[in-house]
Structures are given as structure tokens and as C-alpha cells.
There are 4 protein chains.
Amino acid sequence: MTSFVFRRQITVEFGHCDPTGTVHVPRFFQYFDTNTWMLFEAATGVDRRDFTATYGILPLVDVNADCRKPVRFGEVIEITSRVTEFRRSSFHVEHRITVDGELAVDGGETRVWAVRNKDDPDKISARPVPNDVIARFS
Amino acid sequence: MTSFVFRRQITVEFGHCDPTGTVHVPRFFQYFDTNTWMLFEAATGVDRRDFTATYGILPLVDVNADCRKPVRFGEVIEITSRVTEFRRSSFHVEHRITVDGELAVDGGETRVWAVRNKDDPDKISARPVPNDVIARFS
Amino acid sequence: MTSFVFRRQITVEFGHCDPTGTVHVPRFFQYFDTNTWMLFEAATGVDRRDFTATYGILPLVDVNADCRKPVRFGEVIEITSRVTEFRRSSFHVEHRITVDGELAVDGGETRVWAVRNKDDPDKISARPVPNDVIARFS
Amino acid sequence: MTSFVFRRQITVEFGHCDPTGTVHVPRFFQYFDTNTWMLFEAATGVDRRDFTATYGILPLVDVNADCRKPVRFGEVIEITSRVTEFRRSSFHVEHRITVDGELAVDGGETRVWAVRNKDDPDKISARPVPNDVIARFS
């Protein structure tokens with residue numbers, strides 16, 4: 001578990017909700033994806049536009065969400081994200097969504113640290129997570 | 001594992017893809033959600049518009065996806081879904097996305113069988129999955 | 001043209017962009033929709049969750065966007081919205097997206113001021129825009 | 001008005017609808033975008049994956065929708081698209097959504113015929129619409 005934590009608050013938008021009046025579950029994974037970008041921006045100081053050129057890409061290989069309670073239109077939610085583990089060429093991010101301090105969604109992403117092959121940009125190769133990046137999270 | 005299987009083929013739309021040129025991962029969960037609706041329509045014969053009045057609602061409590069390979073803009077994909085287990089008042093649906101017969105995404109949803117409370121529609125109560133529904137899947 | 005203006009800044013998210021690396025145009029209409037909710041919250045002081053009970057609903061009848069220049073992943077954009085005209089039971093909102101002060105998207109929404117029919121919630125009826133609402137915008 | 005028409009039918013998905021139980025308006029523009037891709041595939045015989053390499057890109061410069069009646073979850077809709085006009089280096093596509101033969105949404109897109117600059121792929125240049133493409137639409 002790294003110690004660097006990224007938090008943001010958003011108000012649930014109308015278009016994020018389905019006919020139940022609560023957040024359509026796939027949308028949580030957009031919240032997670034954006035939080036991962038913001039977490040890495042905050043930790044490394046590298047703007048998201050420069051991330052690929054500086055470090056590479058972070059393709060998702062595994063993602064999950066445990067939905068404890070529905071999140072309603074107009075609620076203010078807090079999305080808290082942190083890297084729980086850096087492995088050799090991948091890492092796991094934990095994302096927790098709370099409403100009024102109560103856990104509503106408990107999710108996670110596993111991503112690979114990778115670069116696109118110069119000769120064939122459709123192919124990617126895993127790379128060790130740089131030590132200087134890991135250092136920024138502790 | 002029930003024996004009833006629902007399959008559909010779609011061509012990946014431009015707007016489903018992110019700047020990598022491949023499906024934005026949150027979108028897979030929309031594919032899953034729609035497949036669950038279609039699976040239950042196919043198995044029970046109840047139109048999705050009548051499902052809530054006939055049976056109730058099926059809130060997601062857990063969802064995950066293991067992304068084995070990227071799925072690209074314009075590829076024809078097959079999404080195959082089946083209920084792997086009915087429990088007392090919940091069930092698990094397996095969703096597998098293949099491209100040219102190769103597994104690209106292996107996902108799952110756990111949903112509760114529930115009804116909205118008459119006095120307070122914001123509250124829901126779990127209900128046993130009806131035997132006639134389970135029978136339609138075997 | 002009313003004088004009340006609502007502005008917000010957002011950074012373009014990865015999942016808002018398509019394979020061109022720029023915002024997928026349908027997404028602009030989600031930005032507009034959310035800005036309209038925020039504009040009415042700011043002007044009337046009524047939380048979006050209470051808006052329907054307090055006033056009614058605001059169905060879109062016409063929407064358009066003139067896309068002057070692409071908006072890229074990671075750019076900070078400003079979305080500025082104002083009601084340009086209140087008619088008897090409808091109104092028009094102008095939405096302008098700028099990047100570094102340059103106009104990128106020039107859009108608009110026409111919405112009806114309406115309530116759901118008590119006997120048949122699928123039907124809606126137009127209502128005059130309340131004078132106290134109009135007053136809050138000037 | 002060209003004579004080539006592309007039509008498809010879809011059933012409105014749960015995740016396409018907002019808390020009103022009807023299609024969230026921005027989603028209509030995703031339907032339009034996909035129909036334009038399918039219209040050009042059908043008319044030219046070029047797969048959407050090869051379109052950019054064969055012809056170039058088709059950035060949207062103007063888009064609009066007139067929403068005549070709400071489109072509900074689970075309804076079968078038909079989306080009919082045709083090019084109404086080819087200009088020198090742009091064209092206009094009309095998109096009409098009907099439900100049970102009744103017009104629900106009447107929309108349009110204006111797009112430029114363009115290529116990315118070889119030296120600076122962020123810049124694009126308009127090109128005359130090729131005569132062989134125009135011929136395929138009549």
C-alpha cells in the first residue's frame with residue numbers, strides 16, 4: 001500500500017444516471033479511469049497530455065467494482081484512489097466512492113506499465129515500473 | 001451453470017473507442033448490462049419494458065472484467081452471456097467477448113433479485129428468484 | 001438576453017475522447033446538459049434534486065452545436081452558459097466552450113417548461129415559466 | 001438530395017436512458033455518428049477500419065437535433081440517414097428517428113471531407129469530395 005492518496009469530489013450528473021435515478025454502473029469505471037489519470041498527474045507532476053511521451057501507456061487488464069449502495073442523481077460523492085501495490089511491470093489501484101462518509105462503491109483496477117512498439121504501434125510491450133515513479137507514491 | 005446461452009454480434013462503434021483506438025473499458029460494462037437484459041428477455045419471453053412490473057429489478061452488486069486483449073474500432077465482436085448460478089435471491093451472469101473466436105474480455109455480474117418497496121420506492125427488498133424463471137434457463 | 005451567466009472549467013477526460021484524440025462530439029451535449037442544471041441551480045438556489053418537485057421538468061426540444069475547432073484530451077476548457085430568451089413556456093440557453101479564450105464550440109438548447117401529468121406521468125404539459133424564476137436571471 | 005438511404009433498427013438500451021426513462025438526448029448524436037459511418041460503408045463498400053486510409057477523415061462542424069417526442073427505454077426505433085447535399089469539400093447528412101412510423105427526432109450533421117497533414121497530424125486540410133464517392137450515393 002503506497003501512502004499517496006488522490007481524492008476528488010463531484011456531484012452526480014443527470015446524464016450519469018439511468019432510469020433508476022441512480023448512477024449507471026458502467027459510469028463508475030469512467031470515474032475510476034479519470035481518477036487514475038489524476039492520481040498519476042498529482043503524484044508524478046506530469047500533465048496527462050505528456051504522460052504517454054514521458055512514460056508510456058497504462059492499459060487496463062482487470063477491473064472490478066463492488067456496489068454496496070446506489071448512488072443517486074445530485075449526490076456529492078468523494079472518489080478516493082491510491083496504488084495498493086506496484087509489481088514489476090504492473091500495479092493495482094484501489095478506488096473507493098463514499099457518500100456522506102459511507103462507502104458506496106469499492107473498486108479496483110490492475111494496469112500494465114507499457115510502451116507502444118516503434119515498428120508496430122498496435123503492439124505494446126510491458127516495461128518495469130520506473131523506480132522514480134514508485135518513489136513519488138511513497 | 002445454466003444451459004441457456006444468449007449471444008449477439010456487434011461491430012465496435014467509433015464512439016465506443018478512446019484515443020487508443022480500442023474500446024474504452026467502461027463501455028464493456030454497457031455491453032454486459034444490455035446483454036443481461038437481452039438474456040432475460042430471451043429466456044423468459046418478457047419484454048424489457050414489462051420486466052419490472054412482471055418480476056422486479058435486478059440491481060448490480062458486483063461486476064468485473066478481465067481484459068485479455070484490446071478490442072479495436074470496427075471489429076466484429078461476439079458477446080456471449082449465461083447465468084452461471086442462481087442463489088436464493090441473487091444470481092451471477094458470465095459475459096465473454098470474443099473476436100474471431102479468441103477470448104478478449106472475460107467478465108461477470110452479480111445481481112440481486114429485488115422489488116421496490118411500495119411505501120418508499122427508494123428502498124428495495126431482495127426476493128427469492130422465482131422457480132419459473134430458473135426453469136426457463138435450463 | 002438575460003444577464004445571469006454560469007461558467008465552469010473542466011479538464012477534458014480521456015474517456016470523453018474518441019480515436020481522433022479529441023472530444024467525441026456527442027459528449028459536448030452532456031457538457032451542455034450539465035451546465036443547464038448548474039445554471040438553474042446557481043440562478044434559483046434550488047438544488048438539482050429538488051428541481052422537479054419545486055418547478056417541474058425541462059425537456060429538450062431542440063439542440064445544436066457549431067464545432068469551430070477540435071477540443072483535445074487534457075485541455076482545460078471553459079463552458080459558459082446563459083439563457084438568451086425566456087418565452088411563454090420555453091426558453092433558450094446558449095452554451096459556449098472556449099479553450100485559452102478562443103471559441104471552440106458554440107451551441108444552444110431550447111427547452112420547454114413543463115410538468116408531468118398527475119394521472120399519466122408519461123404525459124407532460126407545458127407551463128408558463130414562473131416570473132420569480134425569470135427574475136432570478138436578470 | 002442523394003437517393004442512397006441507410007436504415008437500421010435498434011431497441012433502446014437501458015443505459016441509453018436517463019432518469020426520465022427516455023433516451024438521454026446526447027445519445028442521439030451517437031446514433032447519428034454511427035449511422036454516418038454505416039451509411040458510408042454501405043454506399044462506398046469501404047470498411048470503416050479502412051476509411052481513413054482510403055479517403056481521410058470526416059470531422060463534424062455542425063450538428064443539430066429537433067426532438068419531437070421522447071423515445072422510451074425498450075422501444076424499437078428506426079434511424080434513417082441520407083446525404084442531402086455534397087458541397088465542394090463538405091456534405092450534410094440528415095438523420096431521422098422514427099418510432100412506429102412516427103417521427104421522433106429530426107437531426108443533421110455537416111461534416112468536412114479532410115485529410116490529416118503528413119507533417120503535423122494535429123492539423124487537417126479540407127479536400128474536395130471525390131467524384132467517385134458522390135457517384136456511389138446516386
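**Where the chains meet**

Modeller: Strand β2 (residues 60–67) of chain A pairs with β2(B) in the antiparallel sense, over five bridges. Strands here are DSSP runs of E with at least two residues, and helices are runs of H or I with at least four residues, all numbered from the N terminus. Two strands count as paired if DSSP finds at least two bridges between them. One bridge joins A:Val63 to B:Ala65 in β2(B).

This is a predicted model: local features need pLDDT of at least 70, side-chain atom pairs count only at pLDDT 80 or more, and totals for chains, interfaces and linings use all residues. Residues are numbered from 1 along each chain as its sequence is written, chains are lettered from A and ligands numbered from 1 in the order in which they are written, and side-chain values use heavy atoms, with hydrogens and water left out.

Now widen the view from the strands to the whole contact. Chain B gives 18 residues, and chain A gives 18 residues. Contact means heavy atoms within 4.5 Å. The area buried between chain B and chain A is about 1,600 Å², with 54% of it from carbon and sulfur atoms. Buried area is the accessible area (1.4 Å probe) that two parts lose on being put together, summed over both. On the side of chain B, the residues that lose the most area to chain A are B:Pro26, B:Phe29 and B:Val63, together 25% of what that side buries.

The rule finds two salt bridges across the interface of chain B and chain A. A salt bridge is a side-chain nitrogen of Lys or Arg within 4 Å of a carboxyl oxygen of Asp or Glu. One of them joins B:Asp122 to A:Arg72, with the closest N and O atoms 3.8 Å apart.

Which elements of chain B each supply at least two residues to the side that touches chain A? They are α1 (25–44) and β2 (60–67). Of the elements, β2(B) gives the most, with eight residues. By class, that side of chain B has eight nonpolar, four polar and six charged residues. Nonpolar means Ala, Val, Leu, Ile, Met, Phe, Trp, Tyr, Cys and Pro; charged means Asp, Glu, Lys and Arg; the others, Gly among them, are polar.

Last, the symmetry. Two copies of a chain are related by a rotation about an axis and a shift along it. Chain B is superposed on chain A by a rotation of 180 degrees with 0.0 Å of shift along its axis (RMSD 0.0 Å).

Terms used: Copies are superposed by least squares on the C-alpha atoms of residues with pLDDT of at least 70 in both.
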